[in-house]
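Here is a note for a colleague who is opening this structure for the first time. Please read it point by point with the model in view.

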Number of protein chains: 2
Amino acid sequence: MARYPFSSGKPSLIVRKVHPDNRESPLQFIENDTIGNDLFYRRNHFSYPALPQSSYWLPVNGLVHRPSIFTLDEIIKMPSKTLKVILECAGNKRHFFEPKVFGDQWEKGAMSQGYWKGVPLRNLLELAGGVKPGAKEVLIEGYDFGKQPNMNQPETFARSLPLNKALHPDTLIAYQYNNQPIPFKHGYPLRLIVPQWYAVASVKWIKQISVIDYKFNGSFQADDYVYYPKKESDAGAFRVTTINVNSSILNPLNREILDTGKHLIKGIAWTGEGAITKVEVSTDNGTNWSTAKLTVQRNQERYAWTTWSYEWNPDEKGEYTILTRAADSLQRIQPKVPFWNRKGYGYNAIDQIKVKIE
Amino acid sequence: MARYPFSSGKPSLIVRKVHPDNRESPLQFIENDTIGNDLFYRRNHFSYPALPQSSYWLPVNGLVHRPSIFTLDEIIKMPSKTLKVILECAGNKRHFFEPKVFGDQWEKGAMSQGYWKGVPLRNLLELAGGVKPGAKEVLIEGYDFGKQPNMNQPETFARSLPLNKALHPDTLIAYQYNNQPIPFKHGYPLRLIVPQWYAVASVKWIKQISVIDYKFNGSFQADDYVYYPKKESDAGAFRVTTINVNSSILNPLNREILDTGKHLIKGIAWTGEGAITKVEVSTDNGTNWSTAKLTVQRNQERYAWTTWSYEWNPDEKGEYTILTRAADSLQRIQPKVPFWNRKGYGYNAIDQIKVKIE
């Protein structure tokens, strides 16, 4: 009889919905700081799209001096840039809002990171003769489309960027993830990568890029992906853009039962502006705070998360509430109470778990 | 360029912990009424065990007239029985207790069902000469062992059954699941199957069976798998045995946003005694109740769950609280408030989801 391995198996994506395909990255169980394709979170509004059966080409048109069509080969041969970038769904941690909100109940795993390689969008616009006067935004359309409950009719997934963000040298038209062609489920062959913005901006399966002279009001930026601070009215609404300063405790697990003795509290911290400068940990529900050790420093990789750890030696049995609070170089700090909004975007309150020492 | 399938992919197990391996069955996304090996929930206290490298043999000893050792081949050649049986972790739905309790935060998927084929335990005891006078319990030990936080030293996973349950003709020493050898992660080559009891009784990787003349007090029935109604004392404690009457809403999802129009509310109901006789659904938070249609009747398959559905036509937009309540032939009915207990076992309150019609 064969002897079986002791292995407990590998982590796998956590299903939130199958149609469309929405799954969390099991960050609590991943040792690696770069997330592989198999564990990269999936966030889809619609079914996966059908791509053209013929060769792929990318039109760049609208308010440019020389509307152009690029083949994939042409793009791959251009000077490229590789950046380690977090993609975080704006609905990450939606589950934790109180009062609770509707929509996919993402916990801590609607985010992943790795190396995206591509061509700056600004370079493509320059190759198309440059942007004409009067241009206001760059509109990026994907191949995916469909109808959500809040829509009256089917719509293509499309998003615009203001000119300054579109022309930022790190806004990429990416064709590789972690040294491989971008996996189909994550936008093959071309995906927009907008560092520091919530990932809704990073359009997958790019179909067309157009420079426009108006403010685009597609569903995915005028209806969805809008912060609505009021439950019953749209007063005070504003659009989702930059990632908030944030941190997550990844170990121990919430509600875990532990022995007395040494435990390593571990997690990640990230921000959409500047860099993480400090992560504090409290093991007594906020009465006392200690500084965690930042275990991966981010100098060049400024769009990636920082990992941190804190050694904890509880010698008394009982229940403990553990909190973490990150701060960034722009003096932004995680709030105690999250900014509640009806659709549940941008949750970044102090992270919290409870454990029991037995 | 290749055209890609529209498929949104398959459901997969939902990881709660990797070491040891604990994962939920994604019941919300499974169409089939019999759960395949790949989606069967996993509940382990320890690492997967090493099985003997030589041939497998099963000792049956203690208070029997003719202590015996059976080979796997001998067992497979005996007259067998195949039963469709639910295995439900006693901690299923632990996540929903209020106040919250510690331990793995199982939601609705710490249960699965399918066809178990094996030999009644009573037949093996008869082949071992029958039970001697003075016998009180039958002790079943698994190959898995280790130390949990609440233990002072490593212990083998072992459970006893009272004589009447051990001798019940449907208590099986199973060797097949869904017409295949039992998968290693679910107890290969032999697993005890105790219908109607929470699955902790269904010992995996059986190492030895002993008839004993005392009340066994191993960790897994004297410390764990005990209902402790008080937070701070052990007063009123009693052991986990029979499955409670229960139901789960599997569609829609909690906090889902839906269109107006027809929706099928679907789910399962099950009980550890008698049969499910009725499932009621409320779409107005308990003010009015309607009877759901039982879509799979359970006559012969009395240890399996009943599926049910209810057609709902909300025409007004807004938020709705949907409840379900199952009753069984022993007049047991799901309570409004669950029986709170410190370790979080046997949750069976009326199931509840909230949805928003947009």
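**Notes on the two chains**

1. A349(A) is buried, with a relative accessible area of 1%. Buried means under 20% relative accessible area, exposed over 50%, and partly exposed in between (1.4 Å probe, protein chains only). A349(A) sits in the loop between β22 (318–328) and β23 (351–357) of chain A. Strands here are DSSP runs (E, at least two residues), numbered from the N terminus. Leaving out residues up to four places away in sequence, A349(A) touches N246(A), Q334(A), P335(A), K336(A), V337(A) and P338(A). Touching, or contact, means heavy atoms within 4.5 Å. A349(A) and F46(A) are 303 residues apart in sequence and 30 Å apart in space, C-alpha to C-alpha.

2. A word on the basis. This is a predicted model: local features need pLDDT of at least 70, side-chain atom pairs count only at pLDDT 80 or more, and totals for chains, interfaces and linings use all residues. Residues are numbered from 1 along each chain as its sequence is written, chains are lettered from A and ligands numbered from 1 in the order in which they are written, and side-chain values use heavy atoms, with hydrogens and water left out.

3. How are the chains related? Chain B can be laid on chain A with an RMSD of 0.0 Å by a turn of 180° and a shift of 0.0 Å along the axis. That is the relation of a two-fold axis. The superposition is by least squares on the C-alpha atoms of residues with pLDDT of at least 70 in both copies. Within chain B, the residue that comes closest to the rotation axis is I14(B), at 2.6 Å (C-alpha).

4. Next, the interface. In contact are 57 residues of chain B and 57 residues of chain A. Of the interface residues of chain B, 100% are also interface residues in chain A, so the copies meet through the same surface. Together the chains bury about 5,100 Å², 58% of it on carbon and sulfur atoms. Buried area is the accessible area (1.4 Å probe) that two parts lose on being put together, summed over both.

5. Charges also meet here. There are 6 salt bridges between chain B and chain A. A salt bridge is a side-chain nitrogen of Lys or Arg within 4 Å of a carboxyl oxygen of Asp or Glu. One salt bridge joins the side chains of K231(A) and E319(B) (3.3 Å, N to O). On the side of chain B that touches chain A, β1(B) gives the most, with 4 residues.

6. T283(A) lies in the loop between β18 (276–282) and β19 (290–291) of chain A. T283(A) is buried, at a relative accessible area of 19%. Beyond residues up to four places away in sequence, the contacts of T283(A) include Y310(A), W312(A) and Y320(A).

7. Check the backbone too. Most residues other than glycine have a negative phi, and most peptide bonds are trans. A cis peptide bond joins Y188(A) and P189(A), with omega about 0°. The bond from N251(A) to P252(A) is also cis, with omega near 0°. W205(B), not a glycine, has a positive phi of about 45° and is buried at 1% relative accessibility. R255(B), also not a glycine, has a positive phi of about 70° and counts as buried at 8%.
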